[in-house]
Amino acid sequence: MAGLAASFGSGAMSNSMDDIAGQAQAFFVIGSNTTEQHPVFGTMLRRAVRFRGAKLIVADPRRIDLVDFATLHLQQKPGTDIVLLNGLMHIILQNGWEDERFIAERCEGFEEFKETVMRYTPQMVSETTSVPVEKLHQAAEIMGTHKPMAVMWAMGITQHISGVPNVLNLANLQMLLGNMGIPGGGVNPLRGQNNVQGACDLGGLPNVYPGYQKVTVAEHNRKFEAAWGAPLSDKIGATVTEIIPDILEGKTHALYILGEDPLMSDPDTAHIRKCMEAVDFLVLQELFPSETSHYADVMLPGASFAEKTGTFTNTERRIQMVHKAVDPPGEALPDWKIITRLAKRMLHGRTLSPDAPYAGWEYSSTADVMIETAALTPLYAGVTHERLERGERLQWPVKALDHPGTPILHVGQFSRGKGIFHPIDHIPPAEEPDEDYPFVMSTGRVIYHWHGGQMTRRAQGLLEVYSEALIEINPDDAARMGITTNGSAQRVRVSSRRGSIEAQAWVTDRVPPGMVYANFHFPDASANELTQAALDPVAKIPEYKVTAVHVEPA
Amino acid sequence: MTVNITINGQKIQAQPEQTILEAAREHGINIPTLCYHKDLSPTGNCRICMVDVKGARFLQAACATQVWEGMEIETHGEKSIVSRKMTLEMMLANHPVDCLTCEANGDCELQDLAYEYRVEVPEWGTKGTHYPVDSDPNPFIFVDFNKCILCRRCVQACAEIQVRDVWGVAQRGFDETIVAGADTTMLEARCESCGQCVAYCPTGALTSKISRGLGRAPQVTKVTTTCTYCGVGCQLDLNVKDGKVIGVTSNPDAPVNGMALCVKGRYGWDFIHHPDRLTKPLVRQYLLSDQPKPKGKLGEWVEVDWDTALDITARKLSHARDTFGPDSVGILTSAKCLNEENYLMNKFARQVVGTNNIDHCARL
Amino acid sequence: MTNKRIIHQPIQPEIQELAAEYGNDSESILSILTRLQELHGSLSPEIITDAARALSVPAHQAYGMATFYSMLFLEPRKQIVHVCDGPVCWTKNAAATHKAIEAIANDDWTVERASCLGLCDSAPAVLVNNEQAGPVLPEDAAKLLEGWRGTPNGYTTPRKGEVRAMMANAGKVDPKSIDSALEHGAYDGLKKALGMTPEAVVAVVDASGLQGRGGAGFPVGRKWKFVAQARNTPKYVICNADESEPLIFKDRVLIETNPHQILAGMAIAGYACGASEAFIYIRGEYAAQARLLEGAIEQAEEKGWLGDNIQGSGFSFHVHVHRGAGAYICGEETALIESLEGKRGEPRLRPPYPPTAGYRGLPTLVNNVESFAAAANIVRNGADWWRSLSDYETPGTKLYILLGPVENPGLFEAPFGLTLRQIIDEFGGGMLPGSEFRCALTGGAAGTIVDETLLDVPIDYASGSRYGISLGAGAFMVCDQTTSPVALLQVLLHFFAAESCGKCTPCRVGTWRSKEILTRMVNGQGQPGDVEELKALADHMQSASFCGLGQSAGVPMNSAIQHFAQAFEKAANG
């Protein structure tokens, strides 16, 4: 969420699902397969379209299910989002649909941005993106004449080497239209995992302490040193996409992994395998043995969400209670207890500053942890389990115990003061189709499964409905290669420069000709065998959405 | 502006757009309903909520009749009671009498009303012998239209909540039935298996297939929690019996999602008790015999107690930290874990290990 | 692998093209299903699903319609004969006709029952594919399958005592020729209206005291005013020609004798209410009449009496004929509108009423065929003329239908306030020799079953609730000593059970249960308590049903039980 932070000073979803679904006159969904990845929010959008007549523009190379409800589908070529957005903003400016007052009062950097955008003529944009000029005009008109419009995106925008510029350009669009700080508007990255927002909020990132307090800012550093009673590093740490490859560089020697399966979820599986083989020590804290556990030295049995009490923070910054319903199986323990015990062991014999209020690891419950979290995290300052148990509905920032929370960000003013327009130019994908690898492969998930599939492949019904990896391929391409869904040649081999998988073909117009779509739910045909570790230079997110591949009947 | 009405002699100020039912419920007056649900648009199908409105020729459906100035309503007058009993008899005559083994026992609005109105099951009728039991192969949803009272809440839930239009009404008159698509299977009719229809079904016609036989409403403790799958943050009730999660049901007060859930949230819970779960700490054999880490295959797993596992882990991590520096330890926290746990992992990395090399799968 | 099921196949090109012909308009689903059935002999779930997808409607909606309308079917058929089992055909032993046709029909033919076909003056009546035929006696079966269709009635000559306004030109006008109609001043009323303000036109109709002819008698002028004053636009005019109630065929006769009179009435209504788009919703069984109307509309457009800028007035009015597909309930105006919108013909919640929110949620005037025919004459000749036609408190004339063992059954036009005795004796020439009056079904199937005690009550829209003898749509079926009131009621409940839409519990189960009891009683298997249960069912349906169908099913039940208590008790006790 580095992009949004650069534009506005805060990198989370600016609005709430409720005000978006209830009040937006138009939706622009780009790079989000909302009805499959955020199904309940997807149905909220469907309701708004059907019962409230809200306009819906879907920009996606695939004909995803949401397209059935769309006023307009812009089927851009993968990796051309910047061009598409510049083209749309070009037409908006041409027609005077921009919000001049909002731009003048609340933003800066407009002129330079405008110069860049005006170079992207509809004709040129259409050639690069393969979206017809006519549709560009229709989309721009809907955007220009239906306010507020809410923009939603997910990994389809960020999982590119141009991930951050993509986001910056969406921020540009919403500033241009004056759709910030109002119900039914905003920039709304839909977060994937149930608590990815919370993990980001509470220091699970290499550059920030909880509440996005930078490790490089001396003041923040001092604050946490004083609280925890230990000297802390002021050097930005490594990201997941660096930590693991750094094993082969001799930089990473030990890994402590909580509830994650890099063999399934990280790009270029073959390379990850090599790294894992080389690590000195790997401890895995998990529910199930995973693909990664082949390389682990210690496995610690953790607890599922049903076995512990605490909080999750959802995509709209809403902090909600999780309640223990059953005991963990066998000797498994809630993860917070495991971490605590391990920390105590490692601190044994070390002297921490006796004045530090939060140096110790004595917690009787996660409620205690939240008290400490709140004390050190201004965004969560007013969050307690007690308030949540009382039924209070809290979205951060919750500035104090009597603060009601913040359903919409950037009302009246951006977190950083003025919003910045960033001129953004096209950045082609790291790997483009060529003679040897003529197809573009995009990856993602399907509604019935979750990420590496550790949980959903163990849910009987889900496995029954979607029991193996499917490669989506366009009927035209399939026909050319003699691939049918029901015939004998129904399996395909998909290869990239890094690896090869075999799976069942799903011949469908969900994907355009020249594109295939694969998921990473099933170990025997995981798309990440093929993907590359080309990263966005700022956010260090891999380019999962564009991989050049070769497809043949298996 | 308000409207003055009288319900059962009680003077009430109602909102002009309100129905009799809404006004009554707001003032704690109970009018029974079956086809009505506050999340769905009123249809007036079942005719259970018929009330006596002074001056009206016939009884009026409270769920679908708007209030007007001076309206006088009797919700439990003799005519209404007789009418409700008769409607219930009509339903029960064509409904199987198998509450003893019915999945919905204790969570059935028809059963509750039959009890409240002391209705006897008539001797006539089909007793629900029209349709095959378990008539759809959907892996999550158990369909038994013999128990259907044709309230159509499933049709509406699918159209108005899920906006998927799987369920519809076919045939007419006494032969009327609920169908998926053009009388196909639910999945062929593009069902997403969200189970909204199950959540809104007032009887045992639509129930959870994967919870079947595991426990019924009165035996179950409901624990409200937040879903573990995507970032929407739906709240739901875990149904617990004998220390096991046996199902998930909607929690109408859920802030984000109301009654709605998706297929994973409602039906993706059985991993919790899957036999593959790790139940004991495991370490590789070489760690116990103090040998160097083998190249290639790491050797057998050995079950150990927590102290052993944590001692080894602490030793190994400390060793890396002390030998190669704090940044030689990488910490991957989890977007699936609690806020509190993420805070602790962050504290662990920074305070205990002394590194900022902490990240999680947000990028993946 | 189950997920294969969610893979969607492309829509069959033939269906895609057909849908395109209708502009992929979701409201055309009924027409498209009908066309596809003609092409394939029947509908299948695959065809239905593809048709739905081509029009972007849910598959269940198309399937729901295919199984709702009796003229659509999923089992393959080549040729089909529908034999009417309405009450009149029942008294004329249509069952024997049914058996006779079945006996000689080869495998190409399917013989099925049908609810009243609206051919009661040709009973026993049948529909051969789409062709009306009757009377068909058992001995006519062979002729029938070879193309013989019987002789229709013309009603060209008024009978003694008739006062003809709407029927004035029956026999004089060639229904297939607009020139002939124009010679008789078919569009004079419209011409006159176009010279007036819309408000003035509404005022004339209002002043005439014309009451709606569908059966409820709601003042027509008031309805027009509601639509004219409604704020939303566009507005629509709908002519309800779904005449499907047993005993009733007056609208068919009006169409057959003078279709332009109806079109003129609709155009006047459109001008008065501010609508320029109109539909005639005609029951699917009236295929010949629908063609007649389509021809008349085409000719009227050619002559500038319909279409754009009528006679240079700036007023445009387009009329579309929409065929139903077999459903009595579609005569209920909100069910009709649902059907017109491409859905199952189920009644809507009211309010809102059609004048404020009808077709497509917009202001809609729905009137009966006879009401439009009357309005055309009223605007042409003035409100005073209409009132001068009769001294009775209800102004104007009415079409009556008289059926049963009388000398001169059929249709006639006369003022309101006739007694049943007058209808039988003065207009019907009395009972047939050997026939003695036992009971009469008045109004229609949803009317009252009366005995001789009510022979002298003047009948109008109020007499039903006031005296227990209803006028309804103006039909009277007289029965003699050979007809048991219990059996007659069984036939009626058989009809209501077959036509109940199923939406609400009291009607869905009540009609079925009542029919079940009555069938037992007719078969000599009555049980003590049957009569009490029938009464309870009648009351329940009347007071708790969703729409007029269920509410009125109780009317013949209660009246029959009241007047023929002994017969019912006897049947109940075996």
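This is a predicted model: local features need pLDDT of at least 70, side-chain atom pairs count only at pLDDT 80 or more; totals for chains, interfaces and linings use all residues.
Local features need pLDDT of at least 70 and side-chain atom pairs count only at pLDDT 80 or more, while totals for chains, interfaces and linings use all residues; residues are numbered from 1 along each chain as its sequence is written, and chains are lettered from A and ligands numbered from 1 in the order in which they are written.

Helix α13 of chain A spans residues 218-228, and its buried residues are Phe224(A), Ala227(A) and Trp228(A); a residue is buried if 20 or more other C-beta atoms lie within 10 Å of its own, exposed if 12 or fewer, and partly exposed in between, with C-beta atoms placed from the backbone. Seen down the axis of α13(A), these buried residues fall within an arc of 85 degrees, so they line one face of the helix, the arc being that of the directions from the helix axis to the C-beta atoms. The face turned away from the buried side of α13(A) carries the exposed residues Ala218(A), Glu219(A) and Arg222(A). The cover over the buried residues of α13(A) includes β7 (208-209) and α18 (366-376) of chain A, together with α9 (339-353) of chain B.

## Contact between the chains

Between the two chains, 118 residues of chain A are in contact with 100 residues of chain B, two residues being in contact if their C-beta atoms, placed from the backbone, lie within 7 Å. Helix α17 (residues 335-347) of chain A contributes the largest share of the side of chain A that touches chain B, namely ten residues.

Strand β11 (residues 298-301) of chain A pairs with strand β13 (residues 282-284) of chain B in the antiparallel sense over two bridges, pairing here requiring that DSSP find at least two bridges between the strands. Val298(A) stands opposite Val283(B) in β13(B).

## Domains of chain A

The domain assignment of chain A gives domain 1 (2-190), domain 2 (196-395) and domain 3 (439-553), with bounds that come from an automatic or database domain assignment. The centres of domain 2 and domain 3 of chain A, taken over C-alpha atoms, are separated by 31 Å, and the contact takes 17 residues from domain 2 and 18 residues from domain 3. On the side of domain 2 of chain A that touches domain 3 of chain A, α14 (240-243), α15 (262-265) and α16 (269-278) of chain A each supply at least two residues, and α16(A) gives the most, with three residues.

Note on methods: Helices (H or I, at least four residues) and strands (E, at least two) are DSSP runs, numbered from the N terminus.
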